[in-house]
Amino acid sequence: MTTRRTILGGALVLAALAISPVHAEDKPKEIRIGTQKGGFFPAVRQRHTVEDAFRPLGIEVKWVDFQFGPPLLEAINVGSVDFGYVGDSPPIFAQAGGAKIRYVAAVKSDGQTQAIIVPQDSPIKTLAELKGKRVAFGKGSSAHNLLVAALEKAGLSWSDITPAPLAPADATAAFVKGSVDAWSIWDPYLALAELKEKARVIAFDKDVHKPNAFYIAGSDFVEKYPSVVARLNAVFASEGKWADAHHEEVTKAQAEATGVDIEAIRRFVDRSNYRVVPVDDEIIKSQQAVADRFAKLGLIPKPVKVSDIVWKWTPGS
């Protein structure tokens with residue numbers, strides 16, 4: 001059945017096709033896209049806009065789900081995924097480890113979808129009071145950067161806390177059991193902790209630094225199929241504009257796809273934005289600060305220069 005949503009989705013796809021031609025001689029048979037729990041990807045998948053953009057070219061689209069960013073980038077590095085979406089820290093660790101990746105587009109976060117939280121009855125009120133405490137975070141994730149930046153802002157060093165690197169599922173259990181004092185975490189886990197555990201936020205991303213998220217592609221994939229990457233960016237940019245204007249549809253799609261409490265999803269979506277932009281000089285500077293922060297603390301094996309792996313995308317090209 002043809003619906004208004006289908007018609008509108010088709011119009012966005014046609015617009016993306018018009019501005020991002022793919023040359024016949026440089027197209028893959030399949031594009032493998034890595035996503036994480038959250039974001040607007042369940043809604044995009046329901047709308048089939050990415051598939052509709054590439055099917056006329058004989059290119060299939062495969063979606064691959066990951067719990068968080070580092071394993072997604074490792075999959076891109078080894079060539080089992082071509083394109084994916086992650087926060088600010090995973091690309092830094094990946095680049096320092098010699099991963100074959102490129103930044104191809106960005107989303108400038110409003111800084112409200114990631115935070116450092118404590119239990120409702122915790123005596124901790126400020127970042128400075130994290131001193132001597134056990135703090136959970138995902139190693140190599142954007143929450144890792146938030147924690148490092150937060151400690152820096154509070155005048156604390158990494159050695160002033162007891163780091164507890166835990167994947168989200170394990171960190172959730174640790175937080176509920178009280179085996180960690182605080183947790184640096186992103187949505188929807190953040191929203192779930194706020195609603196179900198009455199967790200208290202002591203600092204959002206926006207209180208500490210300017211966060212960004214990124215679309216990443218494999219180096220070989222970008223080199224071989226630049227027009228495909230440009231088209232992917234264009235379609236996701238179109239879908240981002242749609243998502244910013246249709247929060248309730250994004251909420252319902254994500255709740256259906258993940259099984260996560262819809263009120264937590266609604267909170268997450270309402271404080272998100274999905275605007276896809278080129279990786280400009282301001283974003284590179286911000287991301288370089290993340291890299292320098294990790295290098296200074298010895299958390300990555302060597303310093304990196306972010307601009308070395310940025311692929312320049314010009315919308316409309």
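Author: Pro188 lies in the loop that runs between β8 and α8; helices (H or I, at least four residues) and strands (E, at least two) are DSSP runs, numbered from the N terminus. The model is predicted, with local features requiring pLDDT of at least 70 and side-chain atom pairs pLDDT 80 or more, while totals for chains, interfaces and linings take in all residues. Numbering starts from 1 along each chain as its sequence is written, and side-chain values rest on heavy atoms, without hydrogens or water.

The peptide bond between Asp187 and Pro188 is cis, with omega at about 5 degrees. Most peptide bonds are trans, and most residues other than glycine have a negative phi.

Next comes helix α8, residues 189-196, in which Tyr189, Leu190, Ala191, Ala193 and Glu194 are buried. Here buried means under 20% relative accessible area, exposed over 50%, and partly exposed in between, with a 1.4 Å probe and protein chains only. The cover over these buried residues of α8 includes β5, α7 (168-177), β8 (182-186), β9 (200-204) and α12 (262-270); contact is taken as heavy atoms within 4.5 Å.

At the other end, α8 is followed by Lys198, which belongs to the loop between α8 and β9. Lys198 is not a glycine, yet its phi is positive, about 55 degrees. Its relative accessible area is 47%, so Lys198 is partly exposed.

Gln120 is found in the loop between β5 (114-118) and β6 (134-137). With 52% relative accessibility, Gln120 counts as exposed. Lys206, 86 residues from Gln120 in sequence, is 21 Å away in space, C-alpha to C-alpha.

Another positive phi in a residue other than glycine is that of His48, near 60 degrees. His48 is in the loop between α2 (41-47) and α3 (49-54), and its relative accessible area of 42% makes it partly exposed.

Just after α5, Gly98 has a positive phi of about 85 degrees.

The largest has 47 residues, and Ile92, Tyr103, Ile116 and Leu130 are the ones that touch the most other members. Helix α6 (residues 142-153) contributes the most to this core, with 6 residues. A separate core of 43 residues includes Ala43, Ala53, Val228 and Phe236.

In the segment after α13 lies Leu297, which is partly exposed at 37% relative accessibility. Neighbours within four places aside, its contacts are Val148 and Trp158. Trp158 is 139 residues from Leu297 along the chain, with 7.7 Å between their C-alpha atoms.

As for the whole, the protein has 13 helices and 11 strands. Its radius of gyration is 19 Å, close to the 20 Å of the globule rule for 317 residues, so it is as compact as a globular protein of that length; the radius is taken over C-alpha atoms, and the rule is 2.2 Å times the number of residues to the power 0.38. The C-alpha trace spans about 60 × 45 × 30 Å along its principal axes. Of the 317 residues, 54% are buried. Among contacts between residues at least 6 apart in sequence, 81% join residues at least 24 apart.

Notes: A nonpolar core is a set of buried Ala, Val, Leu, Ile, Met, Phe, Trp, Tyr and Cys residues joined through side-chain atoms within 4.5 Å.
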